[in-house]
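Visitor: Please give me a close look at one part of this model. Start with the pocket, then follow the chain from there.

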Amino acid sequence: MLDFKKLKLVCITVILSGALAGCMVGPDFHLPAPPTTKTYTKTILPHKTTRVLAAGNAGKTQYFINNQDIPAEWWTLYHSTALNRLITMGLANSPNFAAAKATLLQAQENLNAQMGTLLFPTVNAVANGQRQKFSGATIGNDVPSSIFNLYNVGVAVSYTFDLFGSSRRQIEALRAQVDFRYYQLQAAYLALTANIVTTAITTASLQAQINALHQLIREENNQLAINIQQFKLGSTSEANVFSQQTQLAQTNALLPPLEQSLSRAQHALAVLVGSLPSESQLPSIDLNKLNLPARLPVSLPSALVRQRPDIQAAEALLHQANAQVGVATANLFPQITLGTTNYGWSSSTVNDLFHPATLTWSIGGQILQPLFQGGALRAQKRAAMAAYEQVWAQYRQTVLQAFQNVADSLRALESDAKELKAQKRAEIAAYAALKLTKGQYRLGSVDYLPVLTAEQQYQQALVNRIQAQAARYSDTAALFQALGGGWWHRTEGEIQ
């Protein structure tokens with residue numbers, strides 16, 4: 001009689017010895033080497049940007065600090081309570097971010113489920129009972145028919161030995177899928193925070209432009225009232241009144257497109273923080289009160305591939321494709337399976353069910369060696385290798401685009417400072433020209449046309465300066481995003 005404990009010990013010993021003796025066929029995964037370049041841009045990046053005088057916080061000099069780490073909450077460098085509140089709202093309420101979290105959890109549980117299926121034996125307890133009528137004619141005997149009960153209780157065990165690593169390669173692929181979802185979550189976090197920052201800056205810029213136009217409209221209304229009064233007194237022509245009315249109407253016409261753009265930006269910001277546009281209570285951000293981060297980190301190019309979550313996600317897919325090559329390779333080798341092994345009792349009465357005389361057991365197994373599959377298995381391996389080459393190409397493209405993002409952001413910041421400096425000078429000059437022309441007109445030395453031209457030039461210069469001011473803030477956020485956003489400093493609880 002075979003003891004149940006002995007059977008259990010034999011099964012465990014066979015399984016462990018088979019697993020330990022097995023090897024893993026197929027290629028082992030190695031991290032791709034980072035690019036060997038030392039810089040992001042073709043020409044040497046300056047140590048600092050141009051300083052812009054009389055431009056407030058937006059005119060600060062920004063310094064590029066090589067190999068400086070990136071803080072996890074980089075947006076706090078703008079010193080804006082309203083911006084910090086928007087980020088908090090977004091992380092708490094964004095459906096996209098919540099979906100990314102759930103997708104990661106799903107991948108983790110799928111891994112757990114497959115590990116239980118592939119790495120461990122299947123053990124099931126079985127119990128059944130039935131009532132039968134037996135006829136001796138079924139065995140060629142004239143024994144009278146009889147009715148009896150049959151009860152069965154037992155344990156069924158089955159296991160496939162992973163001698164060549166097929167199961168372990170499948171688990172490796174699933175772990176890589178978990179890594180992929182993890183880095184997708186980090187990418188969603190980075191994209192959400194960066195989009196909230198840049199969209200908030202856009203709303204602040206549009207609001208500043210609208211406020212500036214309202215101020216100009218008030219001044220032009222005052223000028224129109226002066227022109228009307230002068231016309232009544234006979235000191236100016238009616239044509240100058242009409243000209244000023246035209247200028248006022250043209251300035252007013254600039255407001256609706258800006259207001260529409262502002263509404264769209266506010267609606268987009270509401271969705272980013274997870275609220276309906278009709279119900280959102282968004283804090284307002286004053287563009288002039290934002291702080292421009294002065295010390296900008298510039299990571300080493302060799303470190304960028306470990307900082308960018310999109311590169312890490314692409315690397316995880318590469319790992320998964322590599323493991324699938326191993327799975328396809330292992331399928332070419334023999335598969336040894338411990339067939340359904342049963343150990344239990346069978347009796348016609350419940351009282352005798354666990355009697356030694358009613359003990360039953362069976363052990364079976366099989367070896368499967370593919371001999372001829374019409375070339376299917378080798379074709380599957382070639383397909384897996386082609387899939388790996390595809391993912392490898394996609395990985396290299398992701399790396400190239402990441403370096404492009406950083407290079408674009410660095411050059412943009414350098415150019416933004418120069419543009420803001422030029423636009424601020426243009427604004428100052430346009431305002432001085434407007435004041436001078438108005439004075440000359442009051443003295444009668446020029447007609448009214450130069451005044452209108454000066455008003456239009458100042459109006460355009462003012463809007464251009466606000467846009468250049470906002471560009472410095474937005475492109476600074478783009479640099480933090482391009483460098484990875486410091487997500488690796490978040491704690492495990494914050495990540496999930």
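Guide: Lys 38, Thr 39, Leu 45, Asn 66 and Val 298 lie nearest the centre of the largest pocket, among the 16 residues that line it. (A pocket is an open set of points on a 1 Å grid over the protein atoms alone, where a 1.4 Å probe fits, with protein on both sides within 12 Å along at least five of seven lines; lining residues have an atom within 4 Å of a point.) The model is predicted: local features need pLDDT of at least 70, side-chain atom pairs 80 or more, while totals for chains, interfaces and linings use all residues. Numbering runs from 1 along each chain as its sequence is written, and side-chain values use heavy atoms, without hydrogens or water.

Now helix α6, residues 255-272 (a DSSP run of H or I, at least four residues, numbered from the N terminus). Leu 255, Leu 258, Leu 262, Ala 265, Leu 269, Ala 270 and Leu 272 are buried (under 20% relative accessible area, 1.4 Å probe, protein chains only). They cover an arc of only 155°, so they share one side of α6 (directions from helix axis to C-beta atoms). Their cover includes α2 (81-93), α4 (166-233) and α5 (238-253). Just after α6, Gly 274 has a positive phi of about 85°.

Last, Ala 470 in helix α10 (residues 449-482). Ala 470 counts as buried because its relative accessibility is 7%. Beyond neighbours within four places in sequence, Ala 470 contacts Ile 201, Ser 205 and Leu 287 (heavy atoms within 4.5 Å). Ile 201 is 269 residues away in sequence, yet 6.6 Å away C-alpha to C-alpha.

Technical notes: Helices (H or I, at least four residues) and strands (E, at least two) are DSSP runs, numbered from the N terminus. Buried means under 20% relative accessible area, exposed over 50%, partly exposed in between (1.4 Å probe, protein chains only). The expected span of a helix is 1.5 Å times one less than its number of residues.
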